[in-house]
Amino acid sequence: MVLPAALTALLTLVLSAALLQFCLKRRFPDFSYITQNGRLTDFLDCVIISHFHLDHCGALPYFSEMVGYDGPIYMTHPTKAICPILLEDYRKITVDKKGETNFFTSQMIKDCMKKVVAVHLHQTVQVDEELEIKAYYAGHVLGAAMFQIKVGCESVVYTGDYNMTPDRHLGAAWIDKCRPDLLISESTYATTIRDSKRCRERDFLKKVHETVERGGKVLIPVFALGRAQELCILLETFWERMNLKAPIYFSTGLTEKANHYYKLFITWTNQKIRKTFVQRNMFEFKHIKAFDRAFADNPGPMVVFATPGMLHAGQSLQIFRKWAGNEKNMVIMPGYCVQGTVGHKILSGQRKLEMEGRQILEVKMQVEYMSFSAHADAKGIMQLIRQAEPRNVLLVHGEAKKMEFLKQKIEQEFHVSCYMPANGETTTIFTNPSIPVDISLGLLKRETAIGLLPDVKKPKLMHGTLIMKDNSFRLVSPEQALKELGLAEHQLRFTCRVHIQDPRKEHETVLRVYNHLKGVLKDYSVQHLPDGSITVESILIQATAHSEDQGTKVLLVSWTYQDEELGSYLTSLLKKGLPQSTS
Amino acid sequence: MMHHQPALHLLCSGGGIDVIFTLQGDPSLFVASAASQLLVHMLTLSVESETTKPLSTKDCDWPACAQMIIKRIEDSLQSSSASHIEQSLKLLTSLFGSCRATWTEVLWLGVAKQIESFLTEETVQLQHMLANLLLNMAWSPVFRDTEGSFWALVTSALEHLTPVQAGPLAVGILRLYKCPQDVRIQALTVLLQPMDCILRAASQPLEYAGLLDESVSDPITVESLLSSRSSCANLLCQTLAHLEQLLSLSRLPVDLPYTSLLRSLMTILQFCNGFLSPASPLGSTISRILINCFRVQRSALDVVAALSERKGSDTLIGSLFDLLLAYLESPNTSPTVLKKTFQATSKWLVRLQELSCSNSQGQQTEKILEDVFLVLQKRLCSPCWEVRDSSLEFLTVLIKCLRDQDEFRQSLLSSEVPRLTENLLEDPESYVRASAVTAVGHLAFITYFAPESPVVGNQYNKENTVAKLQEILSTDPEGFPRRAVISIFIKWLRQGCTGQLEDTEQFVSRVIQTVEHDLDWEVRLGGLELIEVFCSQTICQLGLPQCPYAPVSSAVTSSIHWNESLQVFCRAKLFSFLFRSLCDCDKPVGQRACDVLLGLKSDFYPVSTPEGSQGTGDSAVGQGIAWLQRTLRQGSLAQNFPTDGSNGVDFQDPENMMLALGAVELEELHDELNRSSDHVEKSPQSLLQDILATVGTIEENEADCY
């Protein structure tokens, strides 16, 4: 049985998490599908944001400030701190580059962030009377979390994006054996068992090194936080080991900002960084210096990390323009680019770009794409399922074909149902919640009086009346229930007619029946009443002659609902007839 | 396809309708909803393109395709399957919502009986859909203008549906321009009933009049909903949201009992913070449920704020402020509730001022203002940035609305609030710094910019503040505070607070030199707006004939004047920023700069571009202009736009700039800049290129978000 309110709470919440995704590709999701023209706040108990990437939070200000969701929003502390920077960036691209006017404003982003309740890892947050949530570390990016959502004894884990292998600056995702009814997992790399990370890193270092060796310049457009730090640590170590001299720069202002956040949220990084932090901040680099715009024109090789990551504006785009014409140079795109950005265009192979409708820019420099994104691969997803032991798994955030393969693997290995609904599709999952019921003291005493003392190991069947009121369940004795609810008792009696061949007078037949029953039912009180009827406990037996056939006697047997068992036993006994010897 | 009859016939004859009807039950809600929409289009197209005479209920008049669809609708309405009924109701809802033709009434007559019967059946999901259906019908003139039967059905729905289901219908009805008065009153009853219950639950019998006449209200259902933990907050929030919607209408079709409504809102707010523990069993149950319920608090405060604009609830103003202040003071008030409390307080403070102007409530006002600033002082020091920010925003709103009121100015300036606000200019949180900048900027209007500035001590030093804001503009690492500074500067300039022309010139020049290298394009854009305001003010002051407010001057003086204006602009180094901005890599900046330059051009060349300005010859100046034209043609690819005069263009020389304004093809540039930046991307050829280039690489990119 499922408590309807609780279930709605769970489902709507998960739905919201799924709907907030993919806002980048399709602008914003159409939330009217969930509200059916009602108010969002009436349909949702809360919104949970797993991490700061735009495909997870990009529609949030639209949702809370333009569509009108007014309930609580939960995210971790780092996410709350970093999210507005990304949203601001997103707003700028859209308003600046696309000339979009009906878009959320900076004020809306701020107002939205003010509604956010920040949560700590492993802190149980009570959203309302029924609903509680808890965050678990997810790796992936600074502040990313998986959320367990619990209503009564039913629970769902929503992973967001996660990474099961630690990297240079973040740890691996971890969850306890919480046995949720449903685990909703991302499946970006559903089939890939990722080639060793070392390989990719070596590839990256090789490309950078080669370019620098031949005197070229390397541009790495990044978002200020996240993969950038990972790559900086990588290059810093490599430069140190190889004793390289070419300068490495990082966009001005952003190094400080990134440092600030990593210092602030040092507990979210991996163990090594935390340990060394006491002596030295791993994010203060020896070889990587702050960039000045004049450096771009310097002769000779250099490596520059510049923001923003999609080459849509600002410093990275300015540098790209300067360097694009030289085939010795290289740009390495370490992440995904939104359609319409210069990053997306060059990644899809365009070599001639029209800048702002004014001039054609010919791209002669080498363009490389290297994924350093930190998602769990198939092995990682399986590992998480092993950790959490869910009863059902639901795959999202991936491609159908790959998900199908993983689904089969999961079902084979863990023997749990696995679902992969398309966007907008409903999946029904059955749960077996245990529902606590209070028992009245009177009933409990009565039960223990007639039976054995309660034993934890042996479940015991109890009879009583279940009162369901105000979302609480109580088992009481029927009498008490009648009294509480102000109801009168109705007796339900079953009757059955049994035909017996007996030519004797009626009272003689009755006597034969009485003797027979007395003989068979030794433990029961069988009585022969003066009015000619027989009672066995609450069961009443009367005999009449058949109206048409005097040789047949009709026994009318009637019993109460409580004596159902005895009643049916008696009728079957009488149906067999009376023994000959009885007289 | 549903604009073409042959397509319709193809679908109808090929069994397409069956498929589409089945798709209404598709597991994907997108498919299901599209199927339903498609059927609506088919029905509409079929009826509207294939009938010539008015339709009757007789089947034979309807086109075959419409008949098929209607038959299916009727059948599923009569079926025992709830999902089939639901699909048909959805279909009818969107049909009546989108099509207002008279034939819809004929269709309705065929199904009305069946649908009426659903009202009395206990099928919860369907009843929710019925409210939507009736609402869409009420908006259609076909049904709205009929006498009797439709409105009787609406009345019956308002009676039979639960308060939660009837709420949206009720508020929808009340927004209608045309509607029978008794239905309106019935709808209002639905909305007011929970509020009435609250009032009755909290007060002793007969202490206050309730919101509703007892004879019209049957409070049992509402009472039971309010006394249940799971439904109480939901019902109240919904009702409150509906009341807020109603109050936002400029013209209310019914009279609302404002005083009782406000009293009941105050009761809810008192329940929520535990200030009221009523004796009645219902009251104590509700108060137990509502305590610390943020959702209800937020919704109730929204309605309280909306009520401030309605006259008639002023008698309670004293106790309302007691309550609002209690909320502002209480440490239990959550940041989101606090923000709403600030909003409500600011609105009611404005109301209070209006009242105190009209009668002698001066003392009360003074006391309330004092208390408000005391609380604000505390809140400005909150450890929670959300609270500090909301407090600053509240202060700014108050100054905007009440800066002309003596009582307000005195209370504010005698409190610690101004000093604390200035301190927040150095807040660690950038949002707070930005709000502090805005608040300080507005505070200036009542301190040193005020014509009869009240006695102020040394702490209000104009130079200090301006210097502080300029420092923020040049050094703050975040964009928000810098953007806030530039918009405050614009505001000051617009209101003529920056002193005489000479001072203003220096001020603008300083600001421009700070912002021209700002990384945030919105700050640069602000700089351009500042220039625009400055230019129009200067020209206005020096009296160009174009200025409608300037005294008409002779041709001679006007030519001297433009020279003067132009000299001012050159001295202030506006032109190098303006021309450089034309090559800005952020488009809005280029557009704005072009607009400003075009404005100047039309000021200085009122008739037409002077002859010969295109070819300025081989002189140094001429070469400079030619260089400028070339550079501007490169647009944002122009590398390191030099503005130091090394290329023969002296951006501080009036003659040079006069020539440049005439020679540069600003109109052409304007058109180019105003073309959408993705016009190339949107062209079919570019799309094809994208597709071709993307083949092969897309798979890996797509899968990899970060």
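Predicted model: local features only at pLDDT ≥ 70, side-chain atom pairs only at ≥ 80, totals over all residues.
**The contact between H3(B) and H4(B)**

- On the H3(B) side the contact is made by B:Leu39, B:Met42, B:Leu43, B:Ser46 and B:Val47, which meet B:Cys65, B:Ala66, B:Ile69 and B:Ile70 in H4(B).
- Sorted by class, this contact of H3(B) with H4(B) has eight nonpolar residues and one polar residue, with no charged residues.

**The contact between H14(B) and H16(B)**

- Helix H14 of chain B, residues 258-272, and helix H16 of chain B, residues 294-307, have axes that come within 10 Å and cross at roughly 150°.
- Because angles over 145 degrees count as roughly antiparallel, H14(B) and H16(B) are roughly antiparallel to each other, and their crossing is left-handed.
- From H14(B), the residues B:Tyr258, B:Leu261, B:Leu262, B:Leu265, B:Ile268, B:Leu269 and B:Cys272 meet B:Val296, B:Gln297, B:Ala300, B:Leu301, B:Val303, B:Val304 and B:Leu307 of H16(B).
- The class count for the contact of H14(B) with H16(B) is 13 nonpolar residues and one polar residue, and no charged residues take part.

**Helices with a buried face**

- In helix H2 of chain B, which spans residues 16-23, the residues B:Gly16, B:Ile17, B:Ile20 and B:Phe21 are buried.
- Seen down the axis of H2(B), these buried residues fall within an arc of 135°, so they line one face of the helix.
- In helix H33 of chain B, residues 666-674, the buried residues are B:Leu666, B:Leu669 and B:Leu673.
- Viewed down the axis of H33(B), its buried residues fall within an arc of 60°, and they therefore line one face of the helix.
- On the other side of H33(B), B:Glu668 and B:Asp671 are exposed.

**Two buried residues**

- B:Thr504 lies in helix H26 of chain B, residues 501-515, and counts as buried because its relative accessibility is 5%, where the cut-off is under 20%.
- Not counting residues up to four places away in sequence, B:Thr504 touches B:Leu493, B:Thr498, B:Gly499 and B:Phe534.
- A:Ile541 has its place in strand S25 of chain A, residues 539-545, and at 2% relative accessibility it counts as buried.
- With neighbours within four places in sequence left aside, A:Ile541 is in contact with A:Leu517, A:Ser533, A:Ile534, A:Leu555, A:Leu556, A:Val557, A:Leu570 and A:Leu574.
- The C-alpha atoms of A:Ile541 and A:Thr101, which are 440 residues apart along the chain, are separated by 88 Å.

**Chain A as a whole**

- Chain A has 19 helices and 26 strands, and 53% of its 583 residues count as buried.
- Among the contacts in chain A with a separation of 6 or more, 70% are between residues 24 or more positions apart.

Key
Residues numbered from 1 in each chain as written. Chains lettered and ligands numbered in written order. Heavy atoms only, no water. Axes fitted to C-alpha atoms, helices over the stretch in contact; angles between N-to-C directions. Helix = DSSP H or I, 4+ residues; strand = E, 2+ residues; numbered from the N terminus. Parallel < 35°, antiparallel > 145°, perpendicular 65-115°, else oblique. Left-handed = near helix turned anticlockwise from the far one by under 90°. Contact = heavy atoms within 4.5 Å. Nonpolar A, V, L, I, M, F, W, Y, C, P; charged D, E, K, R; others polar. Buried < 20%, exposed > 50% of the residue type's maximum accessible area, 1.4 Å probe, protein only. Arc of directions from axis to C-beta.
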